[in-house]
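Student: I have a model open and want to go through a few spots in it. Can you take my questions as they come?

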Amino acid sequence: MAKNLTKHDFDETIAEGVTLVDFWAAWCGPCQMLGPVIDDLAERMEGKYKICKVNVDQEEEISHRYGVMSIPTVILFKDGEVLDKRVGVHPVAELEGMLERA
């Protein structure tokens, strides 16, 4: 299961290593489609990469900081820096590819 991040632990979590963050909302249909894919990826990649989620309704400050205008948006961070950003639902193979290229 992907870890839910808040303003209290977001910066610390992405500061080191490779972190994939799914920006989502409960009312978003495409987010509901992507959610299980993200959770599955988190289980399979545990210990290798950090796979996390940010609820845009609860954490507007983080969403604004990274220019999240549409959801779902997935952002890949390496040592706190944005490496890649994708908007919409993407297949798990594409998300895995993003992580491997990091």
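Student: Where does alanine 26 sit?
Tutor: Alanine 26 is in the loop between S2 and H2; helices (H or I, at least four residues) and strands (E, at least two) are DSSP runs, numbered from the N terminus. This is a predicted model, where local features need pLDDT of at least 70, side-chain atom pairs count only at pLDDT 80 or more, and totals for chains, interfaces and linings use all residues. Residues are numbered from 1 along each chain as its sequence is written, and side-chain values use heavy atoms, with hydrogens and water left out.

Student: Is alanine 26 buried or exposed?
Tutor: Exposed, because its relative accessible area is 53%. Buried means under 20%, exposed over 50%, partly exposed in between (1.4 Å probe, protein chains only).

Student: How far apart are alanine 26 and aspartate 57 in space?
Tutor: They are 8.6 Å apart, C-alpha to C-alpha, and 31 residues apart in sequence.

Student: On to H2. Which of its residues are buried?
Tutor: Cys31, Leu34, Gly35, Ile38, Asp39, Leu41 and Ala42.

Student: And what do those pack against?
Tutor: The buried residues of H2 pack against strands S2 (18–24), S3 (50–55) and S4 (73–78), and against helix H4 (92–101).

Student: Where does H2 bend?
Tutor: At glycine 35, by about 25°, with proline 36 following within four residues. The bend is the angle between axes fitted to the seven residues ending there and the seven starting there.

Student: New topic: what is threonine 13 in contact with?
Tutor: Leaving aside neighbours within four places in sequence, threonine 13 contacts Lys3, Leu5, Thr19, Lys50 and Cys52 (heavy atoms within 4.5 Å).
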